[in-house]
Amino acid sequence: MKELTFKNKKLNFSDKLEVIELKRSMIIEAGNRCSVCGELLGTHKPAELAHILAKHKNNIQKFSYEAIHSPLNMRITCSTCNPRVMINRSRKELVRQHLQTIADDLSDQGYDTTQLQLEIDREI
(Lines give C-alpha, C1' and ligand atoms only; values in the text may rest on other atoms or scores of the structure.)
Protein backbone atom coordinates (compact mmCIF):
# COMPACT_ATOMS: atom_id res chain seq x y z
CA MET A 1 0.00 0.00 0.00
CA LYS A 2 1.31 3.47 -0.91
CA GLU A 3 1.76 6.13 1.76
CA LEU A 4 0.37 9.66 1.51
CA THR A 5 2.79 12.60 1.96
CA PHE A 6 1.79 15.06 4.69
CA LYS A 7 4.41 17.69 3.90
CA ASN A 8 5.00 20.02 1.03
CA LYS A 9 7.56 18.78 -1.44
CA LYS A 10 9.75 20.51 -3.95
CA LEU A 11 8.84 19.36 -7.43
CA ASN A 12 11.59 17.72 -9.42
CA PHE A 13 11.71 17.74 -13.22
CA SER A 14 9.64 14.54 -13.49
CA ASP A 15 6.97 15.97 -11.15
CA LYS A 16 6.81 19.17 -13.22
CA LEU A 17 6.31 17.14 -16.39
CA GLU A 18 3.43 15.28 -14.71
CA VAL A 19 1.78 18.60 -13.79
CA ILE A 20 2.17 19.85 -17.38
CA GLU A 21 0.64 16.61 -18.72
CA LEU A 22 -2.21 16.77 -16.18
CA LYS A 23 -2.95 20.39 -17.13
CA ARG A 24 -2.86 19.52 -20.85
CA SER A 25 -5.24 16.59 -20.42
CA MET A 26 -7.60 18.67 -18.24
CA ILE A 27 -7.63 21.46 -20.87
CA ILE A 28 -8.57 18.92 -23.55
CA GLU A 29 -11.23 17.39 -21.29
CA ALA A 30 -12.67 20.88 -20.63
CA GLY A 31 -12.86 21.57 -24.35
CA ASN A 32 -10.29 24.36 -24.00
CA ARG A 33 -12.86 26.36 -22.01
CA CYS A 34 -12.92 27.79 -18.50
CA SER A 35 -14.86 25.40 -16.25
CA VAL A 36 -16.55 28.37 -14.54
CA CYS A 37 -17.46 30.98 -17.18
CA GLY A 38 -17.14 28.79 -20.30
CA GLU A 39 -14.92 31.28 -22.14
CA LEU A 40 -12.52 29.90 -24.71
CA LEU A 41 -8.97 29.72 -23.33
CA GLY A 42 -5.91 30.70 -25.35
CA THR A 43 -3.42 33.50 -25.87
CA HIS A 44 -5.61 36.24 -24.37
CA LYS A 45 -7.07 34.00 -21.65
CA PRO A 46 -4.42 31.48 -20.61
CA ALA A 47 -5.55 28.32 -18.82
CA GLU A 48 -4.83 27.96 -15.11
CA LEU A 49 -5.09 25.00 -12.75
CA ALA A 50 -7.32 26.18 -9.90
CA HIS A 51 -7.37 24.24 -6.61
CA ILE A 52 -10.77 23.75 -4.98
CA LEU A 53 -9.07 23.32 -1.59
CA ALA A 54 -6.16 25.74 -1.62
CA LYS A 55 -2.65 24.36 -1.97
CA HIS A 56 -1.54 26.04 1.26
CA LYS A 57 1.11 24.40 3.43
CA ASN A 58 -1.45 23.86 6.22
CA ASN A 59 -3.86 22.02 3.91
CA ILE A 60 -1.05 19.80 2.61
CA GLN A 61 0.08 18.99 6.16
CA LYS A 62 -3.48 18.22 7.23
CA PHE A 63 -4.93 16.43 4.17
CA SER A 64 -1.79 15.29 2.22
CA TYR A 65 0.07 16.44 -0.84
CA GLU A 66 -1.72 13.83 -2.96
CA ALA A 67 -5.21 14.96 -1.86
CA ILE A 68 -4.55 18.65 -2.47
CA HIS A 69 -2.94 17.97 -5.87
CA SER A 70 -5.50 15.38 -6.93
CA PRO A 71 -7.18 16.06 -10.28
CA LEU A 72 -10.46 15.88 -8.33
CA ASN A 73 -9.31 18.97 -6.41
CA MET A 74 -8.49 21.00 -9.52
CA ARG A 75 -10.36 22.72 -12.32
CA ILE A 76 -9.20 24.43 -15.51
CA THR A 77 -10.09 28.12 -15.35
CA CYS A 78 -9.19 31.51 -16.74
CA SER A 79 -7.34 33.89 -14.40
CA THR A 80 -10.54 35.79 -13.64
CA CYS A 81 -12.39 32.67 -12.46
CA ASN A 82 -9.50 30.97 -10.64
CA PRO A 83 -10.43 32.40 -7.18
CA ARG A 84 -14.11 31.48 -7.68
CA VAL A 85 -13.32 27.75 -7.61
CA MET A 86 -11.96 27.61 -4.06
CA ILE A 87 -14.12 26.24 -1.23
CA ASN A 88 -13.94 28.25 1.98
CA ARG A 89 -12.85 25.90 4.80
CA SER A 90 -15.64 27.33 6.98
CA ARG A 91 -18.13 25.38 4.83
CA LYS A 92 -17.30 22.21 6.74
CA GLU A 93 -19.86 19.80 5.29
CA LEU A 94 -18.98 20.77 1.72
CA VAL A 95 -15.26 20.40 2.48
CA ARG A 96 -15.87 17.04 4.14
CA GLN A 97 -17.85 15.70 1.17
CA HIS A 98 -15.22 16.96 -1.29
CA LEU A 99 -12.38 15.37 0.70
CA GLN A 100 -14.27 12.10 1.04
CA THR A 101 -14.54 11.84 -2.76
CA ILE A 102 -10.79 12.43 -3.04
CA ALA A 103 -10.01 9.93 -0.24
CA ASP A 104 -12.11 7.25 -1.96
CA ASP A 105 -10.25 7.88 -5.23
CA LEU A 106 -6.83 7.74 -3.52
CA SER A 107 -7.83 4.51 -1.77
CA ASP A 108 -8.80 3.03 -5.15
CA GLN A 109 -5.29 3.98 -6.35
CA GLY A 110 -3.75 1.92 -3.53
CA TYR A 111 -3.00 4.65 -0.98
CA ASP A 112 -3.42 4.12 2.75
CA THR A 113 -5.95 6.85 3.55
CA THR A 114 -6.29 6.15 7.30
CA GLN A 115 -4.74 9.45 8.42
CA LEU A 116 -6.63 11.41 5.76
CA GLN A 117 -9.88 9.77 6.90
CA LEU A 118 -9.20 10.85 10.49
CA GLU A 119 -8.75 14.45 9.32
CA ILE A 120 -11.95 14.28 7.26
CA ASP A 121 -13.86 13.03 10.30
CA ARG A 122 -12.47 15.96 12.33
CA GLU A 123 -13.85 18.40 9.71
CA ILE A 124 -17.41 17.72 10.87
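1. Ser64 is buried, with a relative accessible area of 0%. This is a predicted model. Ser64 sits in the loop between α2 (57-63) and α3 (65-68). Its phi is near 105 degrees, a positive value in a residue other than glycine.

2. Asn32 also deserves a look. Its phi is near 60 degrees, again positive in a residue other than glycine. Asn32 lies in the loop between α1 (13-29) and β2 (48-51). Its relative accessibility is 30%, so Asn32 counts as partly exposed.

3. Next, the helix pair. Helix α4 (residues 92-108) packs with helix α5 (residues 114-122) at an angle of about 170 degrees. Their axes are 10 Å apart. Angles over 145 degrees count as roughly antiparallel, and α4 and α5 are therefore roughly antiparallel to each other. The crossing of the two helices is left-handed.

4. Which residues make the contact between α4 and α5? From α4 come Arg96, Leu99, Gln100, Ala103 and Leu106. From α5 come Leu116, Gln117 and Ile120. By class, the residues of this contact divide into five nonpolar, two polar and one charged.

5. His98 belongs to helix α4. Is His98 buried or exposed? With 13% relative accessibility, His98 counts as buried, because buried means under 20% relative accessible area. Leaving aside neighbours within four places in sequence, His98 is in contact with Ile52, Leu53, Leu72, Asn73 and Ile87.

How values were computed. Residues numbered from 1 in each chain as written. Predicted model: local features only at pLDDT ≥ 70, side-chain atom pairs only at ≥ 80, totals over all residues. Heavy atoms only, no water. Axes fitted to C-alpha atoms, helices over the stretch in contact; angles between N-to-C directions. Helix = DSSP H or I, 4+ residues; strand = E, 2+ residues; numbered from the N terminus. Parallel < 35°, antiparallel > 145°, perpendicular 65-115°, else oblique. Left-handed = near helix turned anticlockwise from the far one by under 90°. Contact = heavy atoms within 4.5 Å. Nonpolar A, V, L, I, M, F, W, Y, C, P; charged D, E, K, R; others polar. Buried < 20%, exposed > 50% of the residue type's maximum accessible area, 1.4 Å probe, protein only.
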